[in-house]
Amino acid sequence: MIFRDVPQIRPNSLDPVMDKVKEIVNQVIVRGDDALIELTSKFDKVKLINLNATIDELREASDSLSEDVKISIDRIWDQLKNFHDSVKPPNIGGGRDGIYFGIIWRAIEKVGIYVPGGLKSYPSTLMMAGIPAKVAGVSEIYVCSPSRNGKVDPALAYVALKLGVKSMYKVGGAQAIAAMAFGTKTVTKVDKIVGPGNLFVQAAKFLVSDKVGIDGIEGPTELVIIADDSAKPELIVKDLMAQGEHGPSTFLVFISWNDSLLEKVNGILESLSKGNSSDMNFYLVKAKDQADAVDIANRISPEHLSLYVRNPRELLSLVRNTGAVSMGYTPPAIIDYAAGPNHILPTNGWSRFRGGITVYDFLKPIMYADAMSPSKDLVRASITLAKYEGFQIHGESIGERYE
């Protein structure tokens, strides 16, 4: 069906799981490692002998990884590192009215990365979070990911060794978030937690966000595609379905002002749905023109935006709200792996006020001022405003120094 109205993202509510997650978090706070072992057995059906994967375990798992996967990880690693190296900010400064000022960037000391796991493994997510942290200069990187029968996935082990992680814990779920936020005998308390996860993981991140930094609350994947008559309808459908692999809650939207293209895409989707039990839901939206299409996308504020048009750079200048943009012929899926930008991106409309993970998520700006001989009018203005606000001693401190 082709819509005229703009579909709205419906974020998953954390309310249904919040009470259970509070209970899990409290168990970890009170009982530490014992709670982690018990909860892992209960939820993941894995009886852990040790929470922390030893270096020998990581090396053994890594050695079992096929050479072609290692080569692929190495190649993607170089691309992602180059991207984050290119955007790492320099220390900057200047001066005016007798004051020298600026910003120096300092890395967060301890970062915890959560990588979903269990039946599947996501080494790409560990690279997406770990590489910008390493480029930023984070000194201690810790990883939590649920194991398979108590063993670390070979590809995760390989990436963890490349990152030089301080520790890798074989724990997942809300209990892993709680452990990194509060610390246990085995799990180190970190300064910030990043990474995607299910509703329980996101609820836990929300609960601990007053104790530790987080990257955001990531919900189901979102993709908006804007296309003109230069686009191939079969590829549009393929891109939509590729993102739909993330699960039935994926938010998938195709926008165009070209009736013929909309009808072709709609026809392919309808033919695919016949006799198919797929739970994917698609929204097709008719825009007035390409500017209106981008305006619709900005109102949706999606995680992924694809500009499958002749003039993607021109349209990019109109984009205000999205996590990452795929330009022209570029498939959104390559951003999930190897293009350079991150695949840990804001969802639930959060791209209105934040972006995907970069080195900036692992850096803190420290501002400084060296006011040896500020101008007299700036000194007088400071004293006047301090007195106006009722801070008499502030004004005296300034005045006695310079007047």
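# Close-up views of a predicted model

**Figure 1. Lys162 and the ring of Trp77.** The charged end of K162 sits over the ring of W77, at 4.7 Å from the ring centre. The structure shown here and in the other views is a predicted model.

**Figure 2. The aromatic pair of Y100 and Y368.** Searching the whole structure gives six aromatic pairs. In one of them, the ring centres of Y100 and Y368 are 6.0 Å apart and the ring planes stand at 45°, so this pair is tilted. The two residues belong to distant parts of the chain, with Y100 in strand β3 (residues 99-107) and Y368 in strand β14 (residues 363-370), 268 residues apart. Y100 has a relative accessible area of 46% and is partly exposed. Y368 is also partly exposed, at 30% relative accessibility.

**Figure 3. The aromatic pair of W105 and Y360.** The rings of W105 and Y360 pair edge-to-face, with 5.6 Å from centre to centre and 85° between the planes. W105 is in strand β3, while Y360 is in the loop between α13 (332-335) and β14, so the pair ties together parts of the chain that are 255 residues apart in sequence. W105 has a relative accessible area of 18% and is buried, because buried means under 20%. Y360, at 41% relative accessibility, counts as partly exposed.

**Figure 4. The surroundings of S62.** S62 is part of helix α3, which covers residues 55-63. With a relative accessible area of 6%, S62 is buried. Leaving aside residues up to four places away in sequence, S62 touches K70, P154, A157, Y158 and L161.

**Figure 5. The salt bridge of K205 and E218.** The count of salt bridges comes to 15. In one of them, the side chains of K205 and E218 meet at 2.8 Å, N to O. K205 lies in helix α8 (residues 199-208) and E218 in the loop between β8 (213-214) and β9 (222-227); the pair links distant parts of the chain, 13 residues apart. K205 is buried, with a relative accessible area of 0%. E218 is buried as well, with a relative accessible area of 10%.

**Figure 6. The salt bridge of D228 and R310.** Here the side chains of D228 and R310 form a salt bridge of 3.9 Å, N to O. D228 is in the loop between β9 and α9 (233-244), and R310 is in the loop between β12 (304-308) and α12 (312-316), so the pair ties together parts that are 82 residues apart in sequence. The relative accessible area of D228 is 5%, and D228 is buried. R310, in contrast, counts as exposed at 59% relative accessibility.

Figure 7. The side chains of R299 and D295 meet in a salt bridge of 3.2 Å, N to O. Both residues lie in helix α11 (residues 290-300), where R299 and D295 are four residues apart, about one turn of the helix. R299 is partly exposed, with a relative accessible area of 46%. D295 is partly exposed too, with a relative accessible area of 31%.

Note on methods
Residues numbered from 1 in each chain as written. Predicted model: local features only at pLDDT ≥ 70, side-chain atom pairs only at ≥ 80, totals over all residues. Heavy atoms only, no water. Phe/Tyr/Trp six-rings, centres within 6.5 Å; stacked < 30°, edge-to-face > 60°. Buried < 20%, exposed > 50% of the residue type's maximum accessible area, 1.4 Å probe, protein only. Lys NZ or Arg CZ within 6 Å of the ring centre and 35° of its normal. Contact = heavy atoms within 4.5 Å. Salt bridge = Lys/Arg side-chain N within 4 Å of Asp/Glu carboxyl O.
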